[in-house]
Amino acid sequence: MKNSYLKNSLILGILMLIMPGCLDIWITTKIQPDGSIEQIIVFQGDSTEITNANFALLHENDWKREWSKQDKDKFKLSLSKKFNSVDELNRSMNPADSTLQVVRINATLHRKFRWFFTRFEFEETVLNANPFVRLDYRNYLNDEEIRLIALTEEEKKTDPGYDSVKFKQTDKHFEEYLFRCIYEDFYRELISILDEDKTLSLTRQDLDQKKESIYHELIDSVKGDKPEDILKGLGKIVKSPDIETISAKYLNRFEKFTAKMEYYEAASDDNYQFAIGMPGLLLQTNSPKVEGSQTGWNLTYYNFFFHDYVMTAESRIVNPWAFILAGLIFLAALAGLISALRKKR
């Protein structure tokens with residue numbers, strides 16, 4: 001294929017498969033015995049990238065913030081906040097506004113009283129973060145390829161299923177899927193404009209007949225990744241003045257498309273490290289690394305690109321008052337029994 005600015009800019013996101021991310025993000029969730037939750041989130045990287053990170057909470061004013069400089073080019077922003085319940089946590093990490101292009105995390109917490117013990121079951125889910133969902137990824141990638149895409153460079157060295165030749169093929173399949181999805185999003189918005197504006201002579205039928213050839217020519221020739229760049233390239237392909245009219249009159253219709261593009265390009269570069277701290281004795285977790293009662297996961301964007309990524313942990317704490325109460329009940333019963341026996345004498 002020819003060199004294309006659009007293609008090269010989209011590949012920037014894919015390059016995270018072989019290069020470290022732009023931001024390092026640590027998300028630590030600490031569960032307290034009373035069911036309250038403390039969350040600490042640390043962003044490290046370029047200061048501009050930190051302030052534009054794809055998390056809705058950065059626009060909330062009630063987080064405690066602390067900036068520090070790591071070296072000449074790196075900064076660190078630490079945020080912390082206490083939540084009275086998991087529902088409060090979710091309102092920050094998974095905002096109700098579905099139009100926001102942000103990394104979304106949804107949690108559940110169950111406290112189960114078992115008299116002498118209280119059991120805690122916590123689940124933190126990083127929700128599917130693929131902004132382009134018009135096409136089914138299963139038509140392009142199999143389960144093993146999806147697993148390979150999420151591997152870091154370090155994991156590739158030790159993974160028994162990794163093969164460099166196979167991975168290049170996987171990379172091509174993913175590239176095809178991603179480009180097709182992006183094109184589909186753009187194309188559907190374009191034809192919705194043609195359907196609505198009857199003053200345009202260009203019709204949906206005109207484009208549908210050339211949809212596949214337009215896709216290949218755009219990928220190979222367009223000189224930018226903004227809607228106006230794509231429309232300019234499209235105008236040269238379909239030879240219609242209506243494309244210039246659409247660019248002048250309806251560019252705002254592609255704002256959602258632009259937001260998706262920007263979200264993908266930014267989020268795909270970052271590294272995500274999660275930790276869950278549980279109260280009491282840790283009983284079980286699906287974490288690959290455990291230190292005491294704290295669990296940890298090192299993720300890339302592609303761990304939660306195609307489907308939700310679920311992290312679980314269970315623990316239990318001793319209820320001292322239950323043992324004391326049981327002891328008092330036992331002593332009271334014993335005293336009653338002794339008193340009854342004495343009366344019988």
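A charge sits over a ring if NZ of Lys or CZ of Arg is within 6 Å of the ring centre and within 35 degrees of the ring normal. In this model, which is predicted, arginine 180 does that with tyrosine 215, lying over the face of the ring at 4.0 Å from its centre.

**The chain as a whole**

Let's step back for a moment. The chain carries 12 helices and 11 strands. Of its 345 residues, 45% count as buried. If you take the contacts between residues at least 6 apart in sequence, 66% of them join residues at least 24 apart.

In soluble globular proteins, nonpolar side chains tend to be buried together. Here, the largest nonpolar core has 83 residues, and those with the most contacts inside it are Phe43, Phe55, Phe174, Ile246, Tyr272 and Tyr301. Helix H6, residues 164-196, is the top contributor to this core, giving 13 residues.

Leaving out neighbours within four places in sequence, phenylalanine 43 is in contact with Asp24, Ile25, Ile50, Ala53, Phe55, Leu58, Phe75, Lys76, Leu77 and Leu79.

**Aromatic rings**

The structure holds 23 aromatic pairs. One is made by phenylalanine 43 and phenylalanine 55: the ring centres are 5.5 Å apart and the planes are at 70°, so this pair is edge-to-face. Phenylalanine 43 lies in strand E2 (residues 37-45), while phenylalanine 55 is in the loop between helix H2 (47-51) and strand E3 (64-69), so the pair ties together parts that are 12 residues apart in sequence. Phenylalanine 55 is buried too, because its relative accessibility is 3%, which is under the 20% cut-off.

Tyrosine 263 and tyrosine 301 also make an edge-to-face pair, at 6.2 Å centre to centre and 80° between the planes. Which parts of the chain does the pair of tyrosine 263 and tyrosine 301 link? Tyrosine 263 belongs to helix H11 (residues 255-267), and tyrosine 301 to the loop between strand E10 (294-300) and strand E11 (309-318); these distant parts are 38 residues apart. Tyrosine 263 is buried at 3% relative accessibility, and tyrosine 301 is buried at 0%.

Both tyrosines also turn up in one aromatic cluster, formed by Tyr137, Tyr140, Phe174, Tyr177, Tyr263, Tyr264, Tyr272, Tyr301, Tyr302, Phe304, Phe305 and Phe306.

**A buried glutamine**

Glutamine 39 lies in strand E2. Is its side of the story buried or exposed? Glutamine 39 is buried, with a relative accessible area of 0%. Its side chain is joined to that of threonine 29 by a polar contact of 2.8 Å.

**Cysteines and the surface**

How many disulfides does the structure hold? The count is 0. Cysteine 22 is partly exposed, whereas cysteine 181 is buried. The table puts these two next to some residues from elsewhere in the chain.

| Residue | Relative accessible area | Class |
|---|---|---|
| Cysteine 22 | 36% | partly exposed |
| Cysteine 181 | 0% | buried |
| Threonine 203 | 28% | partly exposed |
| Lysine 239 | 67% | exposed |
| Lysine 256 | 63% | exposed |

Lysine 239 sits in the loop between helix H9 (227-238) and helix H10 (242-249). Its phi is near 55°, a positive value in a residue other than glycine.

Lysine 256 is found in helix H11. From lysine 256 to threonine 99 you count 157 residues in sequence, yet the two are 8.3 Å apart in space, C-alpha to C-alpha. Threonine 203, in the loop between H6 and helix H7 (204-208), is 39 residues from aspartate 242 in sequence and 9.8 Å away in space, again C-alpha to C-alpha.

Conventions. Residues numbered from 1 in each chain as written. Heavy atoms only, no water. Core = buried A, V, L, I, M, F, W, Y, C linked by side-chain atoms within 4.5 Å. Buried < 20%, exposed > 50% of the residue type's maximum accessible area, 1.4 Å probe, protein only. Helix = DSSP H or I, 4+ residues; strand = E, 2+ residues; numbered from the N terminus. Contact = heavy atoms within 4.5 Å. Phe/Tyr/Trp six-rings, centres within 6.5 Å; stacked < 30°, edge-to-face > 60°. Polar contact = N/O pair within 3.5 Å; in protein donor to acceptor, adjacent residues only side chain to side chain. Disulfide = S-S within 2.5 Å.
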